[in-house]
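Dear colleague,

My notes on it follow below.

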Amino acid sequence: MKVLISADMEGTCGVVDWVQVTPPWDAPASAAPSEYETARRQMTAEVAAAVRGALAGGASGVTVNEAHDGMKNLIGALLPREARLITGHHKPLSMMQGIDEPGMAAAIFTGYHGKATTPQSVLAHSFTGFVQDIRFDGLSTGEYGVNAAIAGHFDVPVVMVTGGDICIAQVKAFCGDAVVGVEVKKELGTKAASHLHPELAVELIESGAREALQLAREIPPWKLRPGARVELDLAHQEQADLAALALGVERTGNLTVAFDADDALHMMHMLRSMFNAIMTKFAV
Ligand SMILES: [Zn+2]
């Protein structure tokens, strides 16, 4: 049984502000590099703990897929030697690269965060600043839902999530209560939280991953219905103009576009195409 760890950063213990999770090449001149360095070390420590826990729980191998801004924040030398590490961006399966490897049987989300517009949720967003909501057949979701559906496409269940309490509640509401949630902070606002001691967070993640692996066979994969209606709410009408130019996409509201997804990979490709079109400065 192999395990994929999809490692995001906003849900890391100690993190409450963008400056802590913005790599130096993207950061404003006013940002203190030490804040980012502290956060990336804790992110790495939490991922390393999840690797150790998964191995102790019976995993035959662990692949860590870096899944935050630029996707090269983890410090590879500080991960257990047994883990493989995927870094870099424009990966075909994005935050879930590696889920298609032979023998993959469980997925763990570390450092995850709430979906866009969630009140009192630390750095809540869905992929980009301009996505307001994503819905599958009317069911609202965020990055965790898109990624759970990609895992489900390969018959792999999400067995564990680490992050703040609100994020964990959203993942459980979407994926099922059996998912093990390791809460490293109580979310108090978009930029406020009450944190565990970072070392305690690491210990709990290790034991949580061990427990999650033992439950893995009892947790069903999350399956996107073939033909599911996928809706995307955007922040500005021009973004909806651009998204609606993609093949098969309908404009269904001032700020809303929609399409029917053949499967989860089609869904992911359509969303990424629309995001990329919106992020293009001089679209024609
Ligand atoms: Zn992130």
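In what order do the seven strands of the open sheet lie, and what is their pairing? In this model, which is a predicted one, the order is E3-E2-E1-E4-E7-E8-E9, and the pairing is mixed. Strand E3 (83-86) and strand E9 (192-195) are the edge strands, each of them pairing on one side only, and neighbouring strands of the sheet are turned against each other by 25° on average, with direction ignored.

Helix H5 (residues 198-215), for its part, lies across E4, E7 and E8 and runs at about 135° to E8.

There is also an open sheet of five strands, in the order E6-E5-E10-E12-E11, whose pairing is antiparallel. Its edge strands are strand E6 (139-141) and strand E11 (250-251), each of which pairs on one side only. Strand E5 (residues 131-136) runs antiparallel to E6 and is joined to it by three bridges, and Ile134 stands opposite Thr141 in E6.

Turning to the domains, the protein chain is divided into domain 1 (2-218) and domain 2 (228-279), with their C-alpha centres 25 Å apart. The contact between them takes 16 residues from domain 1 and 19 residues from domain 2. On the side of domain 1 that touches domain 2, E5 and H3 are the elements that give two or more residues, and the largest share, six residues, comes from E5. By class, this side of domain 1 has eight nonpolar, five polar and three charged residues.

H3 also takes part in a helix pair: helix H3 (residues 143-153) and helix H7 (residues 264-279) pack at an angle of about 140°, their axes being 8 Å apart, and their crossing is left-handed. In this contact, Val146, Ala149, Ile150, Gly152 and His153 of H3 meet Ala264, Leu265, Met267, Met268 and Leu271 of H7, and the residues involved divide into eight nonpolar, two polar and no charged.

With best wishes

Conventions. Residues numbered from 1 in each chain as written. Predicted model: local features only at pLDDT ≥ 70, side-chain atom pairs only at ≥ 80, totals over all residues. Axes fitted to C-alpha atoms, helices over the stretch in contact; angles between N-to-C directions. Helix = DSSP H or I, 4+ residues; strand = E, 2+ residues; numbered from the N terminus. Left-handed = near helix turned anticlockwise from the far one by under 90°. Contact = placed C-beta atoms within 7 Å. Nonpolar A, V, L, I, M, F, W, Y, C, P; charged D, E, K, R; others polar. Pairing = 2+ DSSP bridges. Domains from an automatic or database assignment.
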